[in-house]
Amino acid sequence: MTLGIVTYKTDAMSTIYVKWPRVLTATTEKRFQIYLHDERRYYGSLQASETLGRVVIRADRDTVEVATQAIIELKRIKDTFWNRLDGSLDFGFNFTQQNAKTDLSLHSETRYLIDRNRLGLTLDGSFTGQDSVSDITRGTARLMYIRELKGLWFVGFAASAEQNSQLSLDIRGSIGGGPGRFFIANSRMELGSLVGIGYSRERFSGEEARKTLPLALITDFQFFDWSGLSTDLSSRLSIEPVLNDQGRWRISFTVNLKQEILSQLYLRIGVTEEYDSKPPSVDANKNDFRITTSLGWTY
C-alpha cells in the first residue's frame, strides 16, 4: 500500500486496487516495511484485530495493535533480488517533415527496497536533430542510495554522470552525500530534503577538465491521486553553490506528471530547467529548458 492505494494481485481477477480509507482491517503473512503516521516504523506482517478499524502488527521483536488508518504505507519486502525491483520505462518520439526535425527521448527509473535501505537508478537521454543545425544530445545517469534512520531522518549518497551539448558540457562525473529528512510523509504526499557536499570533475567543450566542490540542497516532492486511473506528480529542485568557484551556482528543476491511461501504461509530461551562472566555457549557454512527452510502462 502506497499513497493511499492497496495493490492486490490475484490469479482470477488480475490486479485489484482498493482505497486504503475503505479498509477496516487486514491479514497477511507476507513481510512488509510498515510506516505509521507518528513516524514509527515496523518490519513484519499484519493480523486482523477483533475490533473493526484496528489491525495487529506482528513485528520482529514486538506485537502492537493500532488503528488501521494509522498505517500510511506498506512496502512489501520480497524474497529475491529480482522481485524487489520495480520502476518504469518510457519513450518519446516526434518528427517534423518540413525541416526534417527529429526528437527522441528515453526515461527510466528503477527502485530496489530492502528493510531500511532504498536504492534508485535513473536514466535520462534525449536527441534532437535538424537540417542545417548541429545535433543536440543530453544524457544523465544517477544512482542514489538512502539509509533510513530513526523517525523521518535518513542519510543519502549519490553518484552521477551527465552530458549536455546544449550547455557545451562534454562530461561531468559527481559523487556526494549527506543527511536529510522527510517533512511530509502520508498516504498522498511525500516531501523530503537533503543537504550534502560533493565532488565533481567536469569538462566543457574546448576547455581543460576541472574539479569542483558543490554544496548541494536537494528537495523532492511527490503527490499521488487515485480516481480510477492514477495521477503521479513529482518534482526535484537542486541548488548547488560551487565552493571552490566563487559566484558560481548550478540550479536544476524538474517536474514530471504521469497520467495512467491503461493498467501499467501511462503518459508522461516532463519539464526541466538547468542553469549554470558561470560556466567555464565563455561560449556555453547558461541555461537549458525543455519539455518532453512520452509513453511509458510500469513494472
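Reader: Which residue of E6 does Val-55 stand opposite?

Author: In this predicted model, Val-55 stands opposite Val-66 in E6.

Reader: What makes E5 and E6 a pair?

Author: Two strands pair if there are at least two bridges between them. E5 and E6 are joined by 5 bridges, so they count as paired, and they run antiparallel.

Reader: In what order do the strands of the open sheet stand?

Author: The order is E6-E5-E4-E3-E7, 5 strands with antiparallel pairing. E6 and E7 each have a single partner strand, so they stand at the edges, and one side of each is left without a neighbour in the sheet. From one strand to the next, the twist averages 45 degrees.

Reader: Which residues of the largest nonpolar core touch the most other members?

Author: They are Ile-34, Ile-57, Ile-71 and Leu-74, in a core of 16 residues. Strands E3, E4, E5, E6 and E7 each supply at least two residues of this core. Apart from it lies another core of 6 residues, including Met-144 and Phe-154.

Reader: Why is the aromatic pair of Phe-154 and Phe-182 called tilted?

Author: The centres are 4.9 Å apart, within the 6.5 Å limit, so the rings pair. Phe-154 lies in strand E12 and Phe-182 in strand E13, so the pair ties together parts that are 28 residues apart in sequence.

Reader: How do you know whether Phe-154 and Phe-182 are buried or exposed?

Author: Buried means under 20% relative accessible area. Phe-154 has 5%, so it counts as buried. Phe-182 has 11%, so Phe-182 counts as buried too.

Terms used
Residues are numbered from 1 along each chain as its sequence is written. This is a predicted model: local features need pLDDT of at least 70, side-chain atom pairs count only at pLDDT 80 or more; totals for chains, interfaces and linings use all residues. Side-chain values use heavy atoms; hydrogens and water are left out. A nonpolar core is a set of buried Ala, Val, Leu, Ile, Met, Phe, Trp, Tyr and Cys residues joined through side-chain atoms within 4.5 Å. Buried means under 20% relative accessible area, exposed over 50%, partly exposed in between (1.4 Å probe, protein chains only). Helices (H or I, at least four residues) and strands (E, at least two) are DSSP runs, numbered from the N terminus. Rings of Phe, Tyr and Trp (its six-membered ring) pair if their centres lie within 6.5 Å; planes under 30 degrees apart count as stacked, over 60 as edge-to-face and the rest as tilted. Axes are lines fitted to C-alpha atoms, for helices over the stretch in contact, and angles run from 0 to 180 degrees between N-to-C directions.
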